[in-house]
Amino acid sequence: MNLFALLLLLFICSVRGKEGIKVKAGYDNDNIRFLEYKSTNILKCEILELPSGSGPPSEYIWTWLKEDKVMDYGENSHYIANNNELHIQKTNEDDIRQYSCLISKKSAPKAYLARADIKTLGIPTAKILSQGTFIEGQKIILECVVQGNPTPTVEWHFGNTTFTSSIGRIKLSDSKNVQNAILQIDEAQMLDRGEYSCSAHNIATSTLNETRIVYTFVRVKDKLAALWPFIGICAEVVVLCAIIFIYERKRNKAELEESDTDQSPEQKNTPDHGKESVRQRK
């Protein structure tokens, strides 16, 4: 018997019960269910076959296991069991485990008749950490923070270019066991300005044929950019002072000219005043 036939036999035995009951779990691929982080995911099992005379499906109940332990649904639990469905609310990394659904009769709830196992994996998420604006000549550092199980691989893109390894000013480095999670560009130039993207991949994205990609826009400023506002303010002050100086100078000059031409009545040499002087001499 070859290996495939042996695995198939083991799988059939795992889902076929003692009384000929067949159950089936909902999978995305083989016996794997892919879960979305921070969302509500639903695991589901169903009866495929009941032996004759065993009664209707309503006479059976389901029990859910997590890593082969009966699950606890306390007040603080984010698990909700609804008979043949298990709802996982606000899914996190600790929820990426193996689950099992067991079926039994209501009259004998501990006498499990069939079982199906569900292996779960996490669909990747990604987020780029960036300060957004960089000064020309400084380093541009972008970090792609990813989550997923198994750990995703990361790819960086800029325009039509995909960075797969360090080259020239472009440096790729690892972070928290994620390969190429950090993109560093030495001595930033104006041509480095633009939209960068980070994509995360694992078996989930490959199976579901999905792309998990995030974007960030990088701005590169002139190294003298911070000086231009100061120069502009200084220029405004100089122009304003020059205008005030010219205005005051013209006003003072006009006042001097008015004072030279504005004489008192006693100082005026009128014709009547000359005639009186002549009469007095006579």
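## Close-up views of a predicted model

View 1. Strand 11 (residues 140–149) and strand 15 form an antiparallel pair with four bridges; strands here are DSSP runs of type E with at least two residues, numbered from the N terminus, and two strands pair if DSSP finds at least two bridges between them. This is a predicted model, in which local features need pLDDT of at least 70 and side-chain atom pairs count only at pLDDT 80 or more, while totals for chains, interfaces and linings use all residues. Residues are numbered from 1 along each chain as its sequence is written, and side-chain values use heavy atoms, with hydrogens and water left out. Strand 15 (residues 178–185) is mostly covered, with seven of its eight residues buried; buried means under 20% relative accessible area, exposed means over 50%, and partly exposed lies in between (1.4 Å probe, protein chains only).

View 2. As a general rule, strands of a sheet pair through backbone hydrogen bonds, either parallel or antiparallel. Tyr196 stands opposite Thr216 in strand 17.

**View 3. The largest nonpolar core has 22 residues.** A nonpolar core is a set of buried Ala, Val, Leu, Ile, Met, Phe, Trp, Tyr and Cys residues joined through side-chain atoms within 4.5 Å. The residues with the most contacts inside this core are Leu43, Trp64, Leu86 and Ile103. Two or more core residues come from each of strand 1 (22–25), strand 3 (41–49), strand 4 (60–66), strand 7 (85–88), strand 8 (98–105) and strand 9 (108–129). Strand 9 gives the largest share, four residues. A second, separate core of 21 residues includes Phe163, Ala181, Cys198 and Ala200. In soluble globular proteins, nonpolar side chains tend to be buried together. Leu43 touches, among others, Arg33, Leu35, Trp64, Leu86, Tyr99 and Ile118, not counting residues up to four places away in sequence; contact means heavy atoms within 4.5 Å.

**View 4. His87 is a buried residue of strand 7.** The relative accessibility of His87 is 19%, and His87 therefore counts as buried. The side chains of His87 and Glu85 make a polar contact at 3.1 Å; a polar contact is a pair of N or O atoms within 3.5 Å, and within protein one must be able to donate a hydrogen and the other to accept it, while residues adjacent in sequence count only if both atoms are side-chain atoms. Not counting residues up to four places away in sequence, His87 touches Asn41, Ile42, His78, Tyr79, Ile80 and Asn82.

**View 5. A disulfide joins Cys45 and Cys101.** A search of the whole structure finds two disulfides, each a pair of cysteine sulfur atoms within 2.5 Å. The sulfur atoms of Cys45 and Cys101 are 1.9 Å apart. The link is left-handed, with -90 degrees about the S-S bond. Cys45 lies in strand 3 and Cys101 in strand 8, so the pair ties together parts that are 56 residues apart in sequence. Both Cys45 and Cys101 are buried.

**View 6. A disulfide joins Cys144 and Cys198.** The distance from S to S is 1.7 Å. The torsion about the S-S bond of Cys144 and Cys198 is about -70 degrees, so this disulfide is left-handed. Because Cys144 lies in strand 11 and Cys198 in strand 16, the pair ties together parts that are 54 residues apart in sequence. Cys144 is buried at a relative accessible area of 2%, and Cys198 is buried at 0% relative accessibility.
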